[in-house]
Amino acid sequence: MSEFHRPVMLEQCVNFLQVRDGGVYVDATLGGGGHSLGLLEKNPSIRIFGFDQDQDALSRARERLAGFAEQVEFIQANFSQMRTELALRKVKGIDGVLFDLGVSSHQLDTPHRGFSFDGDEPLDMRMDQSLLRSAKDAVNELTKAQLSRIFKEYGEELNAGRIAARIVVMRAGKPLQSTAELAQAVESVAGKGSRESLKCKVRVFQALRIFVNRELEVLEPALRDAINLLTPGGRIAVLSYHSLEDRIVKTVFREARDGCVCPPEAVDCVCGKHKQLVLITKKPLEAEEEEISTNSRARSAKLRVAEKIKGEK
């Protein structure tokens with residue numbers, strides 16, 4: 001069986017989480033189960049709750065983790081539902097949690113999913129196939145201004161307005177149906193065959209994927225839920241792959257580290273916020289060149305780790 005998804009920075013993630021005997025852990029983005037397998041091999045006594053909204057990923061993870069079937073519970077849900085799903089299972093605290101953000105290599109490589117611009121695929125991009133609206137709906141129904149905002153905010157694309165305008169012109173003839181047509185719209189503005197054209201397509205496809213799956217919208221509250229669920233000494237590790245994700249992680253970690261936001265002249269704290277975390281990684285860690293040479297997805301990975309303060313519940 002071919003590898004479903006190669007886990008990024010596996011050794012660093014496993015080591016930094018410092019799994020405890022009999023501990024309860026959450027893999028917020030289970031994927032093919034690679035990170036969870038690494039944790040279980042490190043300490044077979046732990047229990048893992050694995051979240052993924054992609055049914056294909058859950059099916060593959062069940063196969064990969066079959067040897068630890070009694071220690072893993074598979075949950076088909078976005079990590080934004082972590083607090084609710086764990087409460088339903090009477091889990092009040094966890095000893096560690098891992099987020100591996102973004103799209104998996106399997107999703108990129110599966111033709112009918114529409115995440116890649118390398119082929120001619122249906123324009124889908126839904127990680128959760130039960131979502132009602134796909135990338136095709138977005139490019140054919142949103143206004144020029146809305147599309148431009150998505151490309152600019154989520155893709156940091158300088159040609160956002162021109163690309164949005166081109167899409168509107170193209171869909172006036174017939175709706176855009178495929179990844180190849182969307183790539184053509186981008187190339188009509190950014191050119192074809194150049195390195196800059198390739199980067200432009202990456203940014204536009206990334207932006208649409210983020211919009212369709214609400215990736216940034218759900219990330220901040222999910223991180224805060226995870227921090228609140230951590231038991232004292234428990235750790236949170238987050239792998240991000242572009243600056244927008246990493247910026248959110250950095251901000252949430254910093255605020256949980258600093259606690260009170262009352263002005264210095266305040267006599268008593270009225271904000272109600274308190275310190276929750278100590279940062280284990282002062283700056284994000286990156287993958288080593290040896291890993292990057294065999295797993296290109298690791299090239300842009302940034303790992304941040306923090307620990308729940310002792311005595312903090």
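Start by selecting glutamate 73 and arginine 89: they form a salt bridge, and their closest N and O atoms are 2.5 Å apart. (A salt bridge here is a side-chain nitrogen of Lys or Arg within 4 Å of a carboxyl oxygen of Asp or Glu.) Before you go on, keep in mind that this is a predicted model, where local features need pLDDT of at least 70 and side-chain atom pairs count only at pLDDT 80 or more, while totals for chains, interfaces and linings use all residues. Residues are numbered from 1 along each chain as its sequence is written, and side-chain values use heavy atoms, with hydrogens and water left out.

Glutamate 73 sits in strand β3 (residues 72-75) and arginine 89 in the loop between α4 (82-88) and β4 (94-100), so the bridge ties together parts that are 16 residues apart in sequence. (Helices, H or I with at least four residues, and strands, E with at least two, are DSSP runs numbered from the N terminus.) Glutamate 73 is partly exposed at 22% relative accessibility, and arginine 89 is partly exposed too, at 29%. (Buried means under 20% relative accessible area, exposed over 50%, and partly exposed in between, using a 1.4 Å probe and protein chains only.)

Next stop: aspartate 100 and arginine 297. Their side chains meet in a salt bridge at 3.7 Å, N to O. This pair links distant parts of the chain, with aspartate 100 in strand β4 and arginine 297 in the loop between α13 (289-294) and β7 (302-308), 197 residues apart. Are these two buried or exposed? Aspartate 100 is buried at 7% relative accessible area, and arginine 297 is buried at 14%.

Then pick glutamate 181 and lysine 174, another salt bridge, with the closest N and O atoms 2.5 Å apart. Glutamate 181 is buried at 16%, whereas lysine 174 is partly exposed at 48%. For a group view, select Arg47, Glu73, Glu85 and Arg89: salt bridges that share partners join them into one network. The whole structure holds 22 salt bridges.

Last, jump to glutamate 245 in helix α12 (residues 243-258). Glutamate 245 is buried yet has no salt bridge; the nearest side chain of opposite charge, arginine 209, is 4.5 Å away. (Lys and Arg count as positive and Asp and Glu as negative; His and the chain ends are not counted.) What does glutamate 245 touch, leaving aside residues up to four places away in sequence? Show Leu101, Gly102, Glu215, Leu216, Leu219 and Ser240; contact means heavy atoms within 4.5 Å.

How values were computed:
Lys, Arg positive; Asp, Glu negative; His and termini not counted.
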